[in-house]
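Open your viewer and get ready to click along. We will take this tour one selection at a time.

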Amino acid sequence: MKLTGYYFTHLKEIVTEEYPENRSTLKMMDRFRGEVLIQHDEKNEHRCTGCQACEIACPNGTIKIITKQEIQADGKKKKRLEAFVYHLDMCTLCNLCIVSCPSDAIVMGQNFEHSVYDKKQLKKILNNPGSKLMEGVEE
Amino acid sequence: MKILLSYSFSSLASKISTWLSNVISNEMLLIITKMLILGISLLAFLVVLCFFLGYMERKVAAFMEIRIGPNRVGPKGSLQIVADTVKLLFKEGLTPDASDKFLFNLAPFIVVITSMLVVAPIAYAKDFQLWDISIGVLYVSSISSMGVIGILMAGWSSSNKYSLIGAMRSGAQIVSYELSIGLSLISIVILSGSMSLSEIVQSQANGWWIFKGHIPVIISFVIFIVASTAEINRAPFDLTEAEQELTGGFHTEYSGMKFAMFLLSEYINLFVVSAIAATIFLGGWMPFHIGSLNGFNHLMDYIPSSIWFFAKTFLIIFIIMWFRWTFPRLRIDQLLNLEWKYLLPISMVNILLVTIMTIMGWHF
Amino acid sequence: MLLEQNHITKEGEFVINMGPQHPATHGVLHLKVWLDGETIKKVEPHLGYIHRSIEKMCERLSYRQFIFTTSRMDYLSAHINNQACALVVEKALQLEVPPRAKAIRIIMAELTRLASHQLWWACMGLDLGAVTPFFYAFREREAINEIWEETCGARLTQNYIVPGGVMMDTHPNFRKRVKDVMKQIKDKAHEYEELLTGNVIFQERLKGVGYLSREDAISYGCTGPTARASGINSDIRKLFPYDGYEQIKFDEVLNSGGDCWARYLVRIEEMKQSVSIIEQLIDIIPEGDFQVKTKNVIKLPKGDFYQRVETARGELGVYIVSDGAASPYRCKFRSPNLSNLSAIPKIAEGAKIGDLVAIMATVDLVIPDIDR
């Protein structure tokens, strides 16, 4: 009884996180795994070559990579990423895709507020529209 | 300032009474009106009290558990219980198919009514008492044990095995702890020589029994607190609803307002036992006096009697809540062992001591 | 046979179903209890409510992938489950794990044990009707979770240990944070003593309840704290050291009591041992690689491989039959909880309903590990 009495009188020891109120100051750990993202730079370029290593590494079939053939300036045909389809509803955030990516194109985002009303909204296309491969990633 | 201090419930009551008798000439009608006003105000008081106790319990629990507790509805969550009640009101009052429907629906009312009946003889303030019955203590202890009928009824009629076990435990528990409560009350009845609650309060004008009665009264006070915690089925004696064992005990099958009735009666019971303990051992509405320190005593007199009463009551309520949020639950055989092997013999010896003390006039 | 038992045979005897939805079974365990008044005559566990066929799933996942499913078996010792799977792959490939990875693995495993025992302590109080200890234990567990969140990226199913080492290097704050948490746990240890261990009601509830004799514990295959409370040397960390446990000084906690109280004391003492293991290691984590390079597609040689580890609840065995392909031909987990559960009908006989709850709490079952 002494202990509970102690805590009753020492209100500053309260450890509750007031979550929705502290949203503005809430800082997640930088390694926290919330969702898979493709990094884009300011020129709207990403590093994904469409090699499908992540698709193979994923245990749940979360990632689907759709590629297209693109004719380069020198006339060669090359495989390019068209859409990086990511099913957040199937993802277990195991980090295997990030580890397997040879060009460090995908990272884990810290956003964890994923609740939506429709499951379809959890199917995401991660590359921005009109984005293209960064120069020099493939070599 | 002086008017404010001299203001009390008794003057308010007498004012209303005189005003009513001026307005209504028919004597029968007058009595009925008075009773209606009393009943409604008592009900309103009890409901508000239960809201407050519910809020207090949750906050006390939260602070002891290094949490914040309810903080959404109203300032600091103070309207949380109101919101909960509204939720329970809108819920469907389900009656299971296999249950004994009449008894099932009757049980919560019996539980609530018995606990409300006990409120009647409590003296809230100086000269402010609903019913100054001459056998107050006897009345309280007999009516409060009636609640077990409702609980047994609820457990039996639910036709749920968990409810049945809970009800059976409740029967064994309440019946046995009733003895200790009765015996510890008797020790004060012996000392004060009266069963009327108002006279018991009056007998403490020169000092509360817990100070006047030396160690035997302190022992019976402790026994009373422990036994009454068991009587009102609160942890660590909440075997009848033991969530981890019986998923809810006798009220497993209840929902909606019928479930709220059980909660209501639990909090009324909590208030009643604390009020009785405050009245009998801590002098009810009597202010705190120390021997011949006249200045100090006058200062204490300035605090209204109702505040004295409620402060003492809430102190005891807080202690009972403190129990609940600290101790683990007993097992059923340990519970009965505690009563029959420890509390009962101790209180019997204690009564002997009190009687000797009274005869020899050793108390103050 | 079963049908016959379902009937109530004697007057005054009845059957209640504890679970699958019951506050004290911590999940979807279903115990069928034959009662005579308050006294338990027979207990019969019914399994399978949370069967996800993890063993079958593992047969179509690669050796990198199948580790993450094992976090979902005993979710409270996720790290140790992952470690067991990583170890069996390493054993088959005859990989030498760098010392840094070994040290990190041990620290993580002991943190898991601590967190798991803290959760057990919390639920123990809850099961016996004391709500408050729950929050005090969760305060410390939260601190441990934060270590994981910082270094591994997740709080419960970390998937941090991979074949050949660990997935990422530790976070720069790791050492400081672990030290802070260890200090906090040591500072708050007296609260645990005060709230439950020293409480008379609590002791009365546990002493002499649910006696499991040494012989029974062996014949039911109990492991972990449950067996050690019956006086059996069953600590895999001592008997078959792995990942460098042989170099660490720690005591195997033994108690010959066999009752709930002994099981309680064993776990409390194990928490202290875990703290001391972490404190030994945290300052001498060797520098170097945290992972050895493995091929992109891991293929195990033909044959069968077995590795056992000590989780927070007992011995976890991983058995893999490989036909040389990229995924296991057959995968079998020997879970500690299933064997420990099998002892419950024996030790609960003749106890009260309240005792059954105490027994379940001290055996500390994690239901998803029973069904897998």
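Begin by selecting chain C, where you can find 16 helices and eight strands. Keep in mind that this is a predicted model. The radius of gyration of chain C is 21 Å, close to the 21 Å that the globule rule gives for 372 residues, so chain C is as compact as a globular protein of that length.

**Stop one: a sheet**

Now select β6, β7 and β8 of chain C. These three strands form an open sheet, in the order β6-β7-β8, and their pairing is antiparallel. Which strands are at the edges? They are β6 (303-310) and β8 (330-334) of chain C, each of which pairs on one side only. Neighbouring strands here are turned by 10° against each other on average, if direction is ignored.

Strands of a sheet pair through backbone hydrogen bonds. To see a pairing in detail, zoom in on β6(C) and β7(C), the latter covering residues 315-322. How many bridges join these two antiparallel strands? There are eight. For one example, click on Gln307(C), then look across to β7(C) for Val318(C), its bridge partner.

**Stop two: a pair of helices**

Select α5 (residues 99-127) and α6 (residues 132-151) of chain C. The two helices pack with their axes 8 Å apart, at an angle of about 160°. Angles over 145 degrees count as roughly antiparallel, which means that α5(C) is roughly antiparallel to α6(C). Their crossing is left-handed.

Show the side chains at the contact. From α5(C) the residues include Leu111(C), Leu114(C) and Trp121(C), while α6(C) brings Phe134(C), Phe138(C) and Ile144(C), among others. By kind, the residues of this contact divide into 13 nonpolar, two polar and two charged.

**Stop three: where two chains meet**

Finally, bring chain B into view. The contact takes 26 residues from chain C and 24 residues from chain B. Which elements of chain C give two or more residues to the side that touches chain B? They are β1 (13-18), α5, α6, α8 (200-206) and α15 (353-363) of chain C. Colour that side of chain C by residue kind, and you will find 13 nonpolar, six polar and seven charged residues.

Conventions:
Residues are numbered from 1 along each chain as its sequence is written. Chains are lettered from A and ligands numbered from 1 in the order in which they are written. This is a predicted model: local features need pLDDT of at least 70, side-chain atom pairs count only at pLDDT 80 or more; totals for chains, interfaces and linings use all residues. Two strands pair if DSSP finds at least two bridges between them. Helices (H or I, at least four residues) and strands (E, at least two) are DSSP runs, numbered from the N terminus. Axes are lines fitted to C-alpha atoms, for helices over the stretch in contact, and angles run from 0 to 180 degrees between N-to-C directions. Angles under 35 degrees count as roughly parallel, over 145 as roughly antiparallel, 65 to 115 as roughly perpendicular and the rest as oblique. A crossing is left-handed if the near helix is turned anticlockwise from the far one by less than a right angle, and right-handed if clockwise. Two residues are in contact if their C-beta atoms, placed from the backbone, lie within 7 Å. Ala, Val, Leu, Ile, Met, Phe, Trp, Tyr, Cys and Pro count as nonpolar, Asp, Glu, Lys and Arg as charged, and the others, Gly among them, as polar. The radius of gyration is taken over C-alpha atoms; the globule rule is 2.2 Å times the number of residues to the power 0.38.
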